[in-house]
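Have the model open alongside.

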Amino acid sequence: MAKTPTGLTAEDLFKRNREWAASMVEQDPGFFKDLASQQAPEYLWIGCSDSRVPANELLGMAPGELFVHRNIANVVSHSDLNALTVLQFAVDVLKVKHIILCGHYGCSGVGAALNNTRVGLADNWLGHVRDVRDKHGQYLGNVSGVSATNRLVELNVAEQVINVAQTTVVRDAWERGQPLTIHSWVYGVHDGLLRDLGITVSSYAEIAPKLEVVLEGYRDRGEEL
């Protein structure tokens, strides 16, 4: 893929859009007609807003196959009506079967939270990640620098899985027997690969033992990535 040049104008972007739309029709004449007639994704992606983490592309999925919610540092807060509304629509209306909570290594938001770096208004939002840092500080003691940021990226994903599982939306779905699995993934911007943290749960009771396995692994791990 050619690197996108900087300084593109709005007209340049419209031109790129027309070229993309034409290429999609060339590959499949009925693509947009079929896309407009339905939306039935099986996956909800909750990830970071970072421009280097294009959810559909890194999964090899076409438009219409992935419902997406993104924010800085992939946080799911119980007071964030934006995230909760997306979650409720995905689970109750679209009937997604999988929720993918995905962070990414080298996350600048997580790094700012780890090091108390002031970035402006976003400092208030990143307070959620600082809470994760303070809660799990014992697992950050044997790493530093980039390794510490990446460790907190993983811990933050684990905590957000718990937050998603604790919502009334997910708990109600599980109670009525709706098939719904939450996944804990991290994306490597440096190599384009996804990692599974191992906290894959289809009921609330599964979280604690699987989280403990992940945390236990941090106690003896040294510098990484």
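Two strands count as paired if DSSP finds at least two bridges between them. Strands (E, at least two residues) and helices (H or I, at least four) are DSSP runs, numbered from the N terminus.

## Ground rules

This is a predicted model, with residues numbered from 1 along each chain as its sequence is written. Local features need pLDDT of at least 70, side-chain atom pairs count only at pLDDT 80 or more, totals for chains, interfaces and linings use all residues, and side-chain values use heavy atoms, leaving out hydrogens and water.

## Strand β4 and its partners

β5 (residues 194–196) runs antiparallel to β4, and 3 bridges join them.

One to find: Gly103, whose bridge partner in β4 is Val186.

Is β4 buried or exposed? 7 of its 7 residues are buried (under 20% relative accessible area with a 1.4 Å probe, protein chains only). Thr181, His183, Trp185 and Tyr187 sit on one side, with Ile182, Ser184 and Val186 on the other.

## The largest pocket

The largest pocket has a volume of about 300 Å³. Here a pocket is an open set of points on a 1 Å grid over the protein atoms alone, where a 1.4 Å probe fits, with protein on both sides within 12 Å along at least five of seven lines; lining residues have an atom within 4 Å of a point. The volume is the space filled by probe spheres set on the points, which are joined across faces, edges and corners.

Its lining includes Arg16, Trp20, Glu57 and Pro63. α1 (10–27) gives the largest share, 4 residues, and α3 (55–59) supplies at least two.

Conventions: Buried < 20%, exposed > 50% of the residue type's maximum accessible area, 1.4 Å probe, protein only.
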